[in-house]
Amino acid sequence: MPINLDNVLALDVGSVRIGVAVASMGLRFARPLTTLGNDDQFFERLVQVIDTEAVGVLVVGFPRGLAGRETPQTDYVRDFAG
């Protein structure tokens, strides 16, 4: 399946699980897709999702606290995405 730059995959990274959503920029609609374990097989499964969904853009959400400040989880996600 060819890569489509209109298809965006979004990750919500946690220390145990990673939420995955896909969006079509043309439709401006996102839908939850799956949850993957944050383990040593994550990137292999992520590549499968990217291929299946013909994703052209990958984004990672950076969490903030209620006051808008960075948290320890923000640092964890930054290292993960690094």
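In what do the side chains of Arg78 and Asp75 meet?

Tutor: The model is predicted: local features need pLDDT of at least 70, side-chain atom pairs count only at pLDDT 80 or more, and totals for chains, interfaces and linings use all residues. Residues are numbered from 1 along each chain as its sequence is written, and side-chain values use heavy atoms, with hydrogens and water left out.

Arg78 and Asp75 meet in a salt bridge, at 3.4 Å from N to O; the term requires a side-chain nitrogen of Lys or Arg within 4 Å of a carboxyl oxygen of Asp or Glu. Both residues belong to helix H2, 3 residues apart, which is about one turn of the helix. Helices (H or I, at least four residues) and strands (E, at least two) are DSSP runs numbered from the N terminus. Asp75 has a relative accessibility of 40% and therefore counts as partly exposed; Arg78, at 38%, is likewise partly exposed. The classes are buried under 20% relative accessible area, exposed over 50% and partly exposed in between, for a 1.4 Å probe and protein chains only.

Arg78 has a further partner in Glu70, with the closest N and O atoms 2.9 Å apart. Glu70 is partly exposed, its relative accessible area being 40%. Through shared partners, salt bridges join Arg64, Glu70, Asp75 and Arg78 into one network.

Thr71 sits in the loop between strand E4 (55–60) and helix H2 (72–81). With a relative accessible area of 24%, Thr71 is partly exposed. Apart from neighbours within four places in sequence, Thr71 is in contact (heavy atoms within 4.5 Å) with Arg64 and Gly65. Thr74, in helix H2, is buried at 1% relative accessibility.

In total, the structure holds 5 salt bridges. One of them joins Arg31 and Glu53, with 3.0 Å between the closest N and O atoms. Arg31 lies in strand E3 (residues 29–37) and Glu53 in helix H1, so this pair ties together parts 22 residues apart in sequence. Arg31 counts as partly exposed at 36% relative accessibility, whereas Glu53 is buried at 18%. Glu53 is also among the contacts of Asn7, a residue of strand E1 that is buried, with a relative accessible area of 15%.

The structure holds 3 aromatic pairs; rings of Phe, Tyr and Trp (its six-membered ring) pair if their centres lie within 6.5 Å, with planes under 30 degrees apart stacked, over 60 edge-to-face and the rest tilted. Phe42 and Phe43 are edge-to-face, at 5.0 Å centre to centre and 75 degrees between the planes. The ring centres of Phe43 and Phe80 are 5.7 Å apart and their planes stand at 15 degrees, so that pair is stacked. Because Phe43 lies in helix H1 (residues 42–53) and Phe80 in helix H2, the pair ties together parts 37 residues apart in sequence. Ring pairs link Phe42, Phe43 and Phe80 into a cluster.

Phe42 leads on to the interior, being buried at 1% relative accessibility. Phe42 belongs to the largest nonpolar core, 12 residues in all, whose members include Leu9, Val20, Leu46, Val49, Val55 and Val77; such a core is a set of buried Ala, Val, Leu, Ile, Met, Phe, Trp, Tyr and Cys residues joined through side-chain atoms within 4.5 Å. Strand E1 (4–13), strand E2 (17–24) and H1 each supply at least two residues of this core. Leu9, not counting residues up to four places away in sequence, touches several residues, among them Val20, Val22, Leu46, Val49, Val55 and Val57.

Val57 lies in strand E4 and is partly exposed, with 30% relative accessibility. Val57 is therefore a residue that touches Leu9 while being classed as partly exposed.
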